[in-house]
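User: Could you take me through how the two chains meet in this one? I'd like to start with helix packing.

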Amino acid sequence: MSEVIVVTSGKGGVGKTTTSANVGTGLAMMGAKVVLIDTDIGLRNLDVVMGLENRIVYNLVDVVEGNCRMKQALIKDKRYPNLFLLPSAQTKDKSAVTPGQMQKLVDDLREEFDYVLLDCPAGIEQGFKNAIAGADRAFVVTTPEVSAIRDADRIIGLLETEGITKIDLIVNRVRMDMVRRGDMMSIEDVTDILGIPLIGAIPDDEEIVISTNQGEPLAGMNVPSGQAYLNICKRVFGQEVPLVDMEKRRSFFARFSGRLKRA
Amino acid sequence: MFRLIEFLTKKNSGTIAKKRLQLVLIADRIGCTAEILEMIKDDMIKAISKYMEIDTAGLEIKITQMEEKGCNEKIPVLYVSVPVRVMLTKGIC
């Protein structure tokens, strides 16, 4: 049984593309056959995050318009032979594809892959409608900030209207030090407000920036964010995994000096 | 010293964020815009002013939520508070 998952958020810059790349990589690492689709037409990004930007010949719009076969457009990942990317077009705009065409494209890919992951553009216009057209379930990515959460709430409403009922939450860029001193909403606060099940929380981790710079997703690596992404993949597989311990033990001195600085 | 007082009385910004979000989302979810609230407010002032002299500047109108009796679901509530200066009419029969 294959599953089509759309990664969406409403607000831009909260980590949709990074999440898509890492969840895709993690699922492939665990042995599943995965295809990642960049649906952000005109603002192609997933290819650079995956480190596959030099291999693009054809793109999503070429496939939809019949300029090439699906197999020609799919790019095989550097590390995992069971992971593929269908890049977006950089020169066209969002109206180049319709929801109906996307639905057909996704249904074709279902035959071949265990997981189809759609990286959705920001916003609620045509690009969003295209991305969710063929999806079975959605991952809503947000950060613990008022603007991102408000947009996530709107997106959840729109997904429900479109008939997508299986919606899970990913809280990205959590800073436990700020949560602890009460200056950031906790993971519980965010889940409480949005009222959908939590499938993962990712700590704000410098390693993410480094991994993006290098074009190598870090899912599964021995860093907090890498483990957190792998845990999401395990939950997709149906395993029960506790949240990553983001509470790094701080020394007495660090706690004391931190309090002095604030006072 | 002032820093210390500030530190002791400061409200956590995380809690403020959560409270603000909860309010704005109730209005978002039922599609009640600020314009609609403003229109309701104007109509209410007109209606109430027939009977009372009210402090229109101190009038407060907002959408909040409360738990419905008998079930756990929270329902949106229109909350209005109107400061009354004086009654214009007494004992209408």
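Analyst: Before the packing itself, a word on terms: axes here are lines fitted to C-alpha atoms, for helices over the stretch in contact, and angles run from 0 to 180 degrees between N-to-C directions. Please also keep in mind that this is a predicted model.

User: ok, so at what angle do H7(A) and H2(B) pack, and how far apart are their axes?

Analyst: Helix H7(A) packs against helix H2 of chain B, residues 13-30, at an angle of about 30°, and the axes are 10 Å apart. Angles under 35 degrees count as roughly parallel, and H7(A) and H2(B) are therefore roughly parallel to each other.

User: and the handedness of the crossing, left or right?

Analyst: The crossing of H7(A) past H2(B) is right-handed.

User: which residues meet there?

Analyst: From H7(A) come Val146(A), Ile149(A), Arg150(A), Asp153(A), Arg154(A) and Gly157(A), and they meet Ala17(B), Arg20(B), Leu21(B), Val24(B), Leu25(B), Asp28(B) and Arg29(B) of H2(B). By class, the residues of this helix contact are six nonpolar, one polar and six charged.

User: zooming out, how many residues does each chain put into the contact?

Analyst: Chain A contributes 15 residues and chain B contributes 16 residues. On the side of chain A that touches chain B, helix H7 (146-161) and helix H9 (187-194) each supply at least two residues, and the largest share, six residues, comes from H7(A).

Technical notes. Residues numbered from 1 in each chain as written. Chains lettered and ligands numbered in written order. Predicted model: local features only at pLDDT ≥ 70, side-chain atom pairs only at ≥ 80, totals over all residues. Contact = placed C-beta atoms within 7 Å. Helix = DSSP H or I, 4+ residues; strand = E, 2+ residues; numbered from the N terminus. Parallel < 35°, antiparallel > 145°, perpendicular 65-115°, else oblique. Left-handed = near helix turned anticlockwise from the far one by under 90°. Nonpolar A, V, L, I, M, F, W, Y, C, P; charged D, E, K, R; others polar.
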